[in-house]
Amino acid sequence: MLSKFDYVKPKTVEEAVAFLENNPGTRVLAGGTDLIVLLRRNLLITDHILDIKGIEGLHRLDYKEGKGLYIGAAVLVNEISEAPMIQDKYRALSQAAGSLASHQLRNRATLVGNICNASPGADLSTPLLVYNAVVHIEGPEGKRELGIEDFFTGVKKTALKKGEIVTGVSLPDVQEGDSSYYKKQARVKGHDLATVGISIRRTSEQETLMGMAAIAPTPIRLRELEKKLKNRDFNEETANWLKEEIKNHVKPISDVRASLEYRFLVSGALAKKIMMTLMEEGVK
Amino acid sequence: MCSTAKNKGNCVEYTDSGLPKIAIGFEVNGDRFEKHVDPTMTLLQLLHNELKLFGTKEGCGEGECGACSVILNGKAVNSCLVLAAEADDATILTVEGLGQGNELSILQQEFIKYDALQCGFCTPGMLMSARSLLDRQPNPSDEEIKEAIAGNFCRCTGYVPIIEAIRSAATREREALI
Ligand SMILES: Cc1cc2nc3c(=O)[nH]c(=O)nc-3n(C[C@H](O)[C@H](O)[C@H](O)COP(=O)(O)OP(=O)(O)OC[C@H]3O[C@@H](n4cnc5c(N)ncnc54)[C@H](O)[C@@H]3O)c2cc1C
Ligand code: FES
Ligand code: FES
């Protein structure tokens, strides 16, 4: 490893922010499953590592009726995939968490690390998109909140400014009858980012929300397609229509994981499968 | 890997950064340690280079293969992606801590019985993933066993004997409790 870094582990967010502000060459460490790999490959050089896991408040994971779900920045992906309440209320999030890497990785990886890393294929991005998640940020200028769509600004780029950290993510509460599903296609199960990742949510008001990963420079909501689905029932005809129509709404790229043509095909196939599954469960 | 000439007997290649060391205290397999570690050192390097515990293996060094799996504060993790400094106050279990004295654990015995290893390189990691599975689910389904070892690559056995060994160890461990 070429990086020569020291290691600091603050106890409060204020300390963390102050350190970041005063030490420009600092990298935040959550689970390290992205960061340590980059450091070991010498693709990233850093002077200081700031471990946020010593900040107690960042371990918060709770659900309050009427308020929704809060996931602190140090909450592990496994904690999310194993929480019965998340499985029950925010199923796509639970499924995406369970599909990330391996058990050992999920015992280190955090949801917030996943979105801060901002890979176009980040597994946990699409459920957050369909649940209109809010990113909680703290920095030298104080606290602010940002919608998840505005948080991703490019490949591996986020809206975080100098000295800022993400303290957590919140998801608004959901009504009875709200349902969602996540599917991903990857080269190797358990060991890869998605070649296509997709979450579809149908609210109790029959509104459809769709989030996709790995088909654009950032994870995206398919807002135009959502509008077209507004007055359609979930049935086999709609599912077949969706399979073709979705291709007009994604802009995939060819890369090491898959070709553009393959991504078009997979997008349609996965979207149809999800709709059929939801239908079979009684979603209209 | 373990070339004595090149690494002066230390299994994992490691260059000290020369930066001030960090004092940490932790427990490995029931033994308490106090060490001053380099901030750029990983937990795997700490186990090999400082504690001379060579059971845990380094395959990829990047979280892909699971050969370096250990149980850190009750959770199976890839020790190649954990900094040694993060192990302050931690309780760690490695493959060396599975048996008691000269007696192998039930899990290890079943791995032998079912021929669940050939070259043996993946075995310490497999055992730790299996240990962690049986700790949280004493009666796992085959699906749960497969999911638990999905992050452990084996290039020799074809996995089937490993799954059988874990299934059988689960049964024996449950029986031992009665
Ligand atoms: C073998 C392997 C398989 C993988 N498979 C998948 C997969 O299937 N799907 C997938 O989506 N990802 C996968 N990943 C990537 C990675 O595991 C995830 O992105 C993970 O969620 C990152 O979380 P972390 O806590 O480990 O982040 P870290 O590595 O700690 O951090 C990631 C980045 O975010 C920054 N950061 C972290 N927390 C904060 C914060 N609170 N505020 C500001 N910045 C912060 C860090 O500085 C760093 O730049 C894989 C990685 C490996 C090594
Ligand atoms: S050496 Fe750690 S996962 Fe391969
Ligand atoms: S026994 Fe050789 S890699 Fe598994």
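Some bookkeeping comes first. Residues are numbered from 1 along each chain as its sequence is written, and chains are lettered from A and ligands numbered from 1 in the order in which they are written. Because this is a predicted model, local features need pLDDT of at least 70 and side-chain atom pairs count only at pLDDT 80 or more, while totals for chains, interfaces and linings use all residues, and side-chain values use heavy atoms, with hydrogens and water left out.

Ligand 1 is surrounded by 33 residues, where a residue qualifies if one of its heavy atoms lies within 4 Å of the ligand. The closest are A:Val28, A:Thr33, A:Asp34, A:Thr110 and A:Asp123. The site is shared between chains, because residues from both A and B surround ligand 1. By class, the shell holds 18 nonpolar, eight polar and seven charged residues; here Ala, Val, Leu, Ile, Met, Phe, Trp, Tyr, Cys and Pro go down as nonpolar, Asp, Glu, Lys and Arg as charged, and the others, Gly among them, as polar.

A backbone N or O atom of A:Ala30 is 2.8 Å from a ligand oxygen, and a polar backbone atom of A:Leu35 is 2.8 Å from an oxygen of ligand 1. For A:Val166, a polar backbone atom lies 2.9 Å from a ligand nitrogen. On its own, ligand 1 has 980 Å² of accessible area, and the protein covers 94% of that (Shrake-Rupley method, 1.4 Å probe).

As for secondary structure (DSSP runs numbered from the N terminus, with helices being H or I of at least four residues and strands E of at least two), the elements giving two or more residues to the shell are strand E2 (26–29), helix H2 (35–40), helix H7 (111–117) and strand E10 (165–171) of chain A. H7(A) supplies the largest share, five residues. A:Asp123, in the loop between H7 and helix H8 (125–130) of chain A, counts as buried at 3% relative accessibility; buried is under 20% relative accessible area, exposed over 50% and partly exposed in between, with a 1.4 Å probe and protein chains only. Its side chain also makes a polar contact with that of A:Tyr182, at 2.3 Å.

Elsewhere in chain A, helix H11 (residues 236–245) has A:Thr238, A:Ala239, A:Leu242 and A:Glu245 buried. These residues lie on the same side of H11(A), because they cover an arc of only 130° around the axis, taken from the directions from the helix axis to the C-beta atoms. They pack against strand E12 (196–202), strand E13 (208–213), helix H10 (223–228) and helix H12 (260–280) of chain A, with contact meaning heavy atoms within 4.5 Å. At the start of H11(A), a side-chain oxygen of A:Asn235 comes within 3.2 Å of the backbone nitrogen of A:Glu237.

Two residues stand out in backbone geometry. Most residues other than glycine have a negative phi. A:Asn42, however, has a positive phi near 60°; it is partly exposed, at 30% relative accessibility. B:Asp115 also has a positive phi, about 55°, and is exposed at 56%.

Methods
A polar contact is a pair of N or O atoms within 3.5 Å; within protein, one must be able to donate a hydrogen and the other to accept it, and residues adjacent in sequence count only if both atoms are side-chain atoms.
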